[in-house]
Amino acid sequence: MEKIRWGIIGTAKIGIEHVIPALQHGKYSEVAAIASRSPQRAEEAASRFGIKKLYGSYEALLDDPAIDVVYNPLPNTLHRDWTIRAMEAGKHV
């Protein structure tokens with residue numbers, strides 16, 4: 001079985017402290033990319049976790065054909081819209 005390639009939109013505390021470490025322990029999961037509206041934050045998170053791809057926008061991550069599924073830890077006010085956009089981009093959420 002191939003690994004599922006996860007993209008993380010945002011650098012929220014729950015993702016950084018809990019979700020990314022858990023996904024990295026999964027036999028069939030790979031955190032393939034992380035995006036933030038702040039390129040510096042994306043770079044810091046990517047460096048901390050050894051994530052190969054980073055993006056300075058959520059759109060760029062959604063446009064990446066190598067991402068299978070998106071984890072969305074954004075605030076409630078942004079969660080619905082970005083979940084819909086991820087699905088429209090053909091990603092599982």
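**View 1. Pairing of strands β1 and β4 in the predicted model.** Strand β1 (residues 4-9) and strand β4 (69-71) run parallel to each other in this predicted model and pair over 3 bridges, where two strands are taken to pair if DSSP finds at least two bridges between them. Within this pairing W6 stands opposite V69 in β4. Strands (E, at least two residues) and helices (H or I, at least four) are DSSP runs numbered from the N terminus.

**View 2. The open sheet.** The sheet is open and contains 4 strands, which follow the order β3-β2-β1-β4 with parallel pairing. Its edge strands are β3 and β4, each of which pairs on one side only. On average, neighbouring strands are turned by 30 degrees against each other, direction ignored. Helix α2 packs on this sheet by touching β2 and β3, and its direction makes about 160 degrees with that of β3; axes are lines fitted to C-alpha atoms, for helices over the stretch in contact, and angles run from 0 to 180 degrees between N-to-C directions.

View 3. In α2 (residues 39-49), the buried residues are A42, A45, A46 and F49. Because they fall within an arc of 100 degrees when seen down the helix axis, they line one face of α2, the arc being that of the directions from the helix axis to the C-beta atoms. The face turned away from this buried side carries the exposed residues Q40, E43, S47 and R48. Here buried means under 20% relative accessible area and exposed over 50%, with partly exposed in between (1.4 Å probe, protein chains only). The buried residues of α2 pack against α1 (13-25), β2 (29-35) and β3 (53-55), contact meaning heavy atoms within 4.5 Å. Just after the helix, G50 takes a positive phi of about 70 degrees.

**View 4. The largest nonpolar core.** This core has 14 residues, of which I8, I16, I20, L23, V31, I34 and I51 touch the most other members. A nonpolar core is a set of buried Ala, Val, Leu, Ile, Met, Phe, Trp, Tyr and Cys residues joined through side-chain atoms within 4.5 Å. At least two residues come from each of β1, α1, β2, α2 and β4, and α1 gives the most, with 4 residues.

**Notes to all views.** Residues are numbered from 1 along each chain as its sequence is written, and side-chain values use heavy atoms, without hydrogens or water. Because the model is predicted, local features need pLDDT of at least 70 and side-chain atom pairs count only at pLDDT 80 or more, whereas totals for chains, interfaces and linings use all residues.
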